[in-house]
Amino acid sequence: MILANLAKLAYKSLLNRRASVLLTLFTIAISVMLLLSIERVRIDAKSSFSNTISGTDLIVGARTGDIQLLLSSVFRIGHTNNGVSWKSYEYITSQRGVKWSIPISLGDSHKGQAVLGTTLDYFSHYRFAKKQNLTFNKGHPFAAINEVVLGSEVANKLGYKLNDSIVISHGMGNTSFHHHDDNPFKVVGILNPTGTPVDKTLHIPLAAIDLIHGGKASLELELEHEHEHEHEHEHDEHNDLVGHPKQITAFLMGFNSPLYTLQIRRNINQYKPEALLGIMPTVTLKELWEMLAIVEKILLLFSAVVVLVSLLGMLTTLLANLSQRRRELAILRSVGARPWHLFTLISIESLLTTLLGCLAGSVLYYLAIFSAGGYLQSHAGISVNITILSYYELGLIGVIMAAGFIIGLIPATRAYFYSLSDGMSIKA
């Protein structure tokens, strides 16, 4: 009963000082929003990063570094100085245990977006997230050498639709050295969003790479007849455009068994005709994220500092108000309030302020995530999930509540000892 009365009194006291309380509550709400938002983006960024490629056992390219090969072939970041000869690609993918392979050729672009030369195996075997297939929003895979399939972001950003003509440029990113105006491509397909670099990529037949670089390929080349059943060397028999470049950037591989993965990876790394490197993307992704662990720690430290500053602001406000409330507390003493009553009253006020700040911060967090979700998806490839707060996030709020309560004990203790020493008496 006494605690209920004190809680009611604390609530009315906060309303009476609404201006300073709202300012304190706002700073706590902002800190909670930042903490939850940074934590959500950190978790989802890690998930999106890991989900860029799934179900691929090996990535093979010229011998560089594991992370460099991963970044260039999967994330379209940077480039490799050397490639893989088509002869080596055919030899390696003909080995026993190889289930499928996807050759990829990079180096061209269109208005800052990467162009990837590949085969129809790309649409059949490439996986992202939890082994999800690439699906088409409109159209179909390329069926002729002068056709192109667009990632969702390319189509949305540049406003392309089916049957539009596109001119490919030589050179990556916004630096294009030559425009292949004599060989325009027709848009025949637009992929659904994936939240991966696929969304920012234009996909053309591998045979077209040789064409736009002055090869002898012909625009009239069509798909070979599609075989209806799979067999051990499906990648050799799979439907594909006639012709290929002499060299590719890298290729992805899937195997019938993990034992083949380890065996062929060892053979690739010891391959004598040319210096090649085979990496396991899941392992390399983990290594890459471990390198970025310092960024995680900095983000968490930044969040903690923001929360600490807001709580210290609340402490400052409570201590300042304590001096201004000497008359109020002295009146409470005169009507029978005991020192522990005053201690409890101040403690409840700080707890209520922290609670309201956390609730307001949670609302702001959902508004921020909802507003920024599309931007993060399209510009950073981070798919942010709008879900109820996890146990971990609720635990963070619990820590803030506990910290706010502990900080509130400081002015509460001062009020307690002031009353013991009659420091709350009314002065004339």
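Residues are numbered from 1 along each chain as its sequence is written. Because the model is predicted, local features need pLDDT of at least 70 and side-chain atom pairs count only at pLDDT 80 or more, whereas totals for chains, interfaces and linings use all residues, and side-chain values use heavy atoms, with hydrogens and water left out.

The chain contains 14 helices and 16 strands; these are DSSP runs numbered from the N terminus (helices H or I, at least four residues; strands E, at least two). Of the 428 residues in the chain, 48% are buried, where buried denotes under 20% relative accessible area, exposed over 50% and partly exposed in between (1.4 Å probe, protein chains only). Among contacts in the chain with a separation of 6 or more, 78% are between residues 24 or more positions apart, a contact being heavy atoms within 4.5 Å.

The largest nonpolar core comprises 32 residues. Such a core is a set of buried Ala, Val, Leu, Ile, Met, Phe, Trp, Tyr and Cys residues joined through side-chain atoms within 4.5 Å. I59, L70, Y122, F123, Y126 and L134 touch the most other members. Two or more residues each are supplied by α2 (18-50), α3 (66-73), β3 (98-110), α5 (121-125), β12 (185-191), β15 (250-255), β16 (276-279) and α10 (281-291). The most, four residues, come from β3. Beyond its neighbours within four places in sequence, Y126 is in contact with T52, I53, V74, I102, D121, Q132, N133, L134, V198 and L252.

Eight aromatic pairs were counted, with rings of Phe, Tyr and Trp (its six-membered ring) pairing if their centres lie within 6.5 Å; planes under 30 degrees apart count as stacked, over 60 as edge-to-face and the rest as tilted. The ring centres of F123 and F142 are 5.4 Å apart and the planes stand at 70°, so this pair is edge-to-face. F123 belongs to helix α5, while F142 lies in the loop between β7 (136-139) and β8 (147-150), 19 residues apart. Both F123 and F142 are buried, and one aromatic cluster is formed by Y122, F123, Y126, F136 and F142.

Strand β16 is covered on both faces, with L276 and G278 buried on one side and L277 and I279 buried on the other. Strand β1 (residues 58-62) runs antiparallel to β16 and is joined to it by four bridges; two strands pair if DSSP finds at least two bridges between them. Within this pairing, V60 stands opposite G278.

In α10, the buried residues are P281, T284, L285, L288 and W289. These residues fall within an arc of 140° seen down the axis, so they line one face of the helix; the arc is that of the directions from the helix axis to the C-beta atoms. T282, K286 and E290 are exposed on the other side of α10. In helix α4 (residues 86-93), W86, S88, Y89, I92 and T93 are buried. They cover an arc of only 160°, which puts them on the same side of α4.

T196 lies in the loop between β12 and β13 (201-205). T196 counts as buried because its relative accessibility is 6%. Its side chain makes a polar contact with the side chain of T194 (2.7 Å). A polar contact is a pair of N or O atoms within 3.5 Å; within protein, one must be able to donate a hydrogen and the other to accept it, and residues adjacent in sequence count only if both atoms are side-chain atoms. Apart from its neighbours within four places in sequence, T196 is in contact with N51, T52 and F128.
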